[in-house]
Amino acid sequence: MTYEVKSLNEECGVFGIWGHPQAAQVTYFGLHSLQHRGQEGAGILTNDAGKLIRHRDTGLISEVFKNPANLEKLTGQAAIGHVRYATAGEASIDNIQPFHFKFYDMEFGLAHNGNLTNTKTLKKELEHNGAIFSSSSDTEILAHLIRRSHNPSFMGKVKEALNTVKGGFAYLLMMEDKLIAALDPNGFRPLSIGKMANGAIVVSSETCAFEVVGAEWIRDVKPGEVVIIDNSGIQYDTYTTDTQLAICSMEYIYFARPDSNIHGVNVHTARKRMGAQLAREFKHEADIVVGVPNSSLSAAMGFAEESGLPNEMGLIKNQYTQRTFIQPTQELREQGVRMKLSAVSGVVKGKRVVMIDDSIVRGTTSRRIVQLLKEAGATEVHVAIASPPLKYPCFYGIDIQTRRELIAANHSVEETRQIIGADSLTYLSIDGLIDSIGLETNAPNGGLCVAYFDGKYPTPIYDYEKDYRRSLDEKVSFY
């Protein structure tokens with residue numbers, strides 16, 4: 001069996017707003033700025049004086065709302081939106097969020113970023129008690145748990161449901177009279193609150209969306225917190241006190257936009273510090289630094305400043321390639337890489353190049369980029385990765401859930417170097433990563449989840465435990 005993983009992918013991004021006459025339009029712009037978090041589908045659900053209206057479809061947000069009528073019909077002063085990358089559940093329209101649930105006594109919309117680790121157990125239990133699921137997404141579980149709860153108050157039902165689901169989750173729940181935001185007890189996924197000039201309150205997976213819609217950051221949602229937003233303002237509450245910050249380190253390394261701030265740390269600044277620390281750990285002679293566009297450019301800047309080497313644009317990314325490219329043969333696959341990325345011969349020819357990248361998953365892309373640089377005349381290509389070796393899967397919202405997909409889990413650093421054809425291979429150390437991000441917290445690992453690198457998960461992984469343990473004994477050759 002062949003395991004083809006081209007890159008890491010975040011599951012999705014969420015955006016919500018309360019108190020704006022053009023809520024759907026603002027949500028559209030917010031989701032557009034979160035497009036990097038999911039490209040398979042998008043949707044917006046609005047609240048017009050208690051009436052919930054929704055439109056969703058597959059594709060980019062611009063494709064989903066290509067017909068202006070689809071946005072114009074979403075009237076109301078409150079909305080939640082979602083961009084999706086499928087991690088749990090198939091990439092069909094039934095799984096595209098926000099979900100819209102209608103019952104005889106209430107209706108609500110639901111959007112979710114993350115991945116639940118006890119989905120199978122809960123779904124089996126819920127179905128045994130009569131629940132019927134209309135999608136294969138784990139998001140739907142929360143709605144069934146809320147309806148099943150016997151707690152007399154709605155917020156009591158929500159808190160009970162939030163304490164039942166496990167894993168990584170950032171939820172937005174749109175009621176007829178309120179917007180609810182909630183974050184898992186470890187804060188694996190980012191979620192922030194902002195305020196617009198007209199008083200509208202916004203909630204977003206990343207603060208970069210605030211800049212686009214003209215909102216001012218108020219604060220981040222805390223682990224184990226549930227936030228209620230309505231016409232009276234914002235109310236902060238908790239559903240559990242058993243919390244421990246462990247935000248996904250890949251948010252800083254790869255996923256988040258460089259203009260976002262997560263828990264008080266600017267992503268671009270953190271990546272520059274990673275690059276600088278990587279330069280301190282790098283032990284080879286070189287002439288120039290070349291970052292792989294676009295997510296590695298910040299790290300390349302930091303590496304160049306620390307090492308004193310010139311930071312050159314030795315690789316150019318074609319911004320206008322199609323989102324998907326069918327590659328039926330090896331020859332066409334190679335051509336596909338050349339369509340998306342080109343080496344600048346005039347820059348790299350005759351030079352010893354340090355190629356900076358944010359991570360190596362399978363190694364296929366790294367090998368092709370090294371080849372591009374050498375074909376363009378680079379005499380040596382030293383690959384420097386601004387993160388530690390990715391050896392273990394993620395169960396909290398990233399589409400890597402087996403060690404069979406990871407080259408570093410199956411090969412040593414030297415073997416990986418040979419496979420990708422580099423003259424040397426250097427990874428950033430785990431301690432270097434934690435120090436570079438520099439969250440102000442006393443939490444373990446500096447408030448980061450680094451399980452992808454050391455295999456020490458901050459929570460039980462429940463339904464994934466058996467398969468994960470089996471995968472520890474499996475080896476796949478990438479030669």
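In what order do the seven strands of the open sheet stand? The order is S3-S2-S4-S1-S10-S9-S11, with antiparallel pairing. The model is predicted: local features require pLDDT of at least 70 and side-chain atom pairs pLDDT 80 or more, whereas totals for chains, interfaces and linings draw on all residues. Residues are numbered from 1 along each chain as its sequence is written, and side-chain values use heavy atoms, with hydrogens and water left out.

**Domains**

- The chain is divided into domain 1 (10-242) and domain 2 (266-471), the bounds coming from an automatic or database domain assignment.
- Between the C-alpha centres of domain 1 and domain 2 the distance is 32 Å.
- Domain 1 contributes 22 residues to the contact and domain 2 contributes 15 residues, where contact means heavy atoms within 4.5 Å.
- About 1400 Å² is buried between domain 1 and domain 2, 51% of it on carbon and sulfur atoms; buried area is the accessible area (1.4 Å probe) that two parts lose on being put together, summed over both.

- Helices (H or I, at least four residues) and strands (E, at least two) are DSSP runs, numbered from the N terminus, and two strands pair if DSSP finds at least two bridges between them.
- Strand S3 (51-58) and strand S11 (215-220) stand at the edges; each has a single partner strand, so one side of each lacks a neighbour in the sheet.
- From one strand to the next, the twist averages 15 degrees.
- Strand S9 (residues 192-196) pairs with strand S10 (residues 201-204) in the antiparallel sense over four bridges, and Gly194 has Val202 in S10 as its bridge partner.
- Helix H1 (residues 23-33) packs on the sheet and touches strand S1 (12-18), strand S2 (41-48), strand S4 (78-84) and S9.
- The direction of H1 makes about 25 degrees with that of S4; axes are lines fitted to C-alpha atoms, for helices over the stretch in contact, and angles run from 0 to 180 degrees between N-to-C directions.

**Cys12**

- UniProt lists Cys12 for "active site" in an unreviewed entry; UniProt positions follow the numbering used here, feature names are shortened, and annotations may be inferred rather than shown by experiment.
- Cys12 lies in strand S1 and is buried, with a relative accessible area of 0%; buried means under 20% relative accessible area, exposed over 50%, and partly exposed in between (1.4 Å probe, protein chains only).
- Apart from neighbours within four places in sequence, the contacts of Cys12 are Arg37, His82, Val83, Arg84, Tyr85, His112, Asn113 and Gly114.

- In strand S8 (residues 179-183), five of five residues are buried.
- Strand S7 (residues 167-174) pairs with S8 in the antiparallel sense over five bridges; the two form a hairpin with four residues between them.
- S8 also pairs with strand S12 (residues 225-230), in the antiparallel sense and over four bridges.
- Leu179 in S8 stands opposite Met174, and its bridge partner in S12 is Ile229.

**Ser298**

- Ser298 belongs to helix H10 (residues 297-307) and counts as buried at 8% relative accessibility.
- Ser298 touches Pro258, His268, Arg271 and Lys272, residues up to four places away in sequence not being counted.
- Ser298 and Gly275 are 23 residues apart in sequence, and their C-alpha atoms are 7.5 Å apart in space.
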